[in-house]
Amino acid sequence: MSSDLRVAVAGAGLGGLCLAQGLVRAGVDVQVYERDAAPDVRRQGYRLHVDARAGLALDKCLPLKLFQLFLATESQPSRKFTVLSAQLRVLHETLTDPNRDPYQPETLSTLVNRVTLREILGAGLDDRIHFGRELDEYEQDTAGVTLRFADGSTERADVLVGADGVHSAVRGTMLPDVTVVDTGSRIIYGKTPLDDETRRLVPAALRDGFTAIIGGHIGLATGLVELRQPPPEAAAAIAPGVRLSPTGDYLMWGVSAQHDRFPESDATMTGMDAVALHVVASTAIRTWPPTCARCSPKPRSTRRSSSGSAAPNASSRGRRAG
């Protein structure tokens, strides 16, 4: 099936790429415009939970080989969700259904490595993804829409889809009175590769799935990522034309709090490297039992994030999410 419809997607993140795959599968001409100069110019997180809603969408949007590759590079499924105290006392547990098939789209509940998923979603779209094209605004008329980019260039389309994140230029043009409100939440993410030594440091209570640890004003979230197959090997076997970056098993962890609970300011943490951010995260939980502190051994990579939400007629407070 083919269509004369021309669709432009602002943003080559997970949502924009998934939509592009579905449109291509439906025979629609789609072009994706991404502000980043390349897909790997900035760190964008690690572990993601994917449930049946995403499973059904991916099944409908991706070509068969790419969907099979997605399934092959998932993590081993979680067995439960646990909330613990800082002393690792169980406060709440939610067990997964032992009778469900975690790899069927309609019952999917699994973990993925974010970079791997994005690479799969972008496979086969090389001539449709345009990096370094930051959308500034758009103008709509009876014949379609004109996209205006930060470099002064323009493009035409029949439909424009905004998938360009928290500071969406599409939303900014369509809903100029809606601003981003800083919730004050901050989180330092860490990714600790798993080997024989680091696996022994992970407490048993954290090995069965996503775990949230509550310690007063500070929170610690952890999740193991243990891939079913190494991504490059899975790609070579299932979709030889697809290139996936190597990644091993790892422990994802995140130390979260309101911004004034961290020992360093937003401005200082924004400029920190991975080692310095790890020191800040470790300091935040320094009064916790040693078993908790060992959940975040020195990582190879760390990133900081802030949390924001869109709200009408409200001005940003503090540092805006980005």
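Predicted model: local features only at pLDDT ≥ 70, side-chain atom pairs only at ≥ 80, totals over all residues.
Trainee: What average pLDDT does the protein have?

Mentor: pLDDT is the predictor's confidence in each residue, from 0 to 100. Here the average is 88, and 89% of the residues score at least 70. Watch residues 308-322, though: pLDDT stays under 50 there, and the model has 44 contacts beyond four places in sequence for that stretch. A contact means heavy atoms within 4.5 Å.

Trainee: How many helices and strands are there?

Mentor: Helices (H or I, at least four residues) and strands (E, at least two) are DSSP runs, numbered from the N terminus. This protein has 10 helices and 16 strands.

Trainee: What share of the residues is buried?

Mentor: Buried means under 20% relative accessible area, exposed means over 50%, and partly exposed is in between, using a 1.4 Å probe and protein chains only. Of the 322 residues, 45% count as buried.

Trainee: Which strands pair with E9, and in which sense?

Mentor: Two strands pair if DSSP finds at least two bridges between them. E8 and E9 pair in the antiparallel sense, over six bridges, and E9 also runs antiparallel to strand E10 (residues 154-157), joined by four bridges. Threonine 146 is a handy landmark: glutamate 139 has it as bridge partner in E9, and on the E10 side threonine 146 is partnered by arginine 156.

Trainee: How many residues sit in the hairpin turns?

Mentor: The E8 and E9 hairpin has two residues between its strands. For E9 and E10 there are four, and glycine 152 in that turn has a positive phi of about 95°.

Trainee: How enclosed is strand E9?

Mentor: Five of the six residues of E9 (residues 144-149) are buried, so the strand is largely enclosed by the rest of the structure.

Trainee: What does aspartate 136 touch?

Mentor: Aspartate 136 is in strand E8 (residues 135-141). Leaving out residues up to four places away in sequence, aspartate 136 touches Arg148, Phe149, Ala150, Ala169 and Thr173. Aspartate 136 and alanine 150 are 14 residues apart in sequence, yet 5.3 Å apart in space, C-alpha to C-alpha.

Trainee: How many aromatic pairs are there?

Mentor: Rings of Phe, Tyr and Trp (its six-membered ring) pair if their centres lie within 6.5 Å; planes under 30 degrees apart count as stacked, over 60 as edge-to-face and the rest as tilted. A search of the whole structure finds three pairs. In one of them, tyrosine 33 and phenylalanine 149 have ring centres 5.0 Å apart and planes at 55°, so the pair is tilted. Tyrosine 33 lies in strand E2 (residues 29-34) and phenylalanine 149 in E9, so the pair ties together parts that are 116 residues apart in sequence. Tyrosine 33 is buried at 8% relative accessible area, and phenylalanine 149 is buried at 4%.

Trainee: Is the pair of phenylalanine 81 and phenylalanine 210 stacked or tilted?

Mentor: Their ring centres are 5.9 Å apart and their planes at 10°, so this pair is stacked. Phenylalanine 81 counts as partly exposed at 32% relative accessibility, and phenylalanine 210 is partly exposed too, at 25%.

Trainee: Which charged ends sit over rings?

Mentor: A charge sits over a ring if NZ of Lys or CZ of Arg is within 6 Å of the ring centre and within 35 degrees of the ring normal. The charged end of arginine 133 sits over the ring of phenylalanine 149, 4.2 Å from its centre. Lysine 191 has its charged end over the ring of tyrosine 250, 4.6 Å from the centre.

Trainee: Where is proline 105, and what does it touch?

Mentor: Proline 105 is in the loop between strand E5 (90-95) and E6, and at 8% relative accessibility it counts as buried. Not counting residues up to four places away in sequence, proline 105 touches Ala52, Gly55, Leu56, Asp59 and Phe67. Phe67 is also one of the buried residues of helix H3 (residues 64-72).

Methods:
Residues numbered from 1 in each chain as written. Heavy atoms only, no water.
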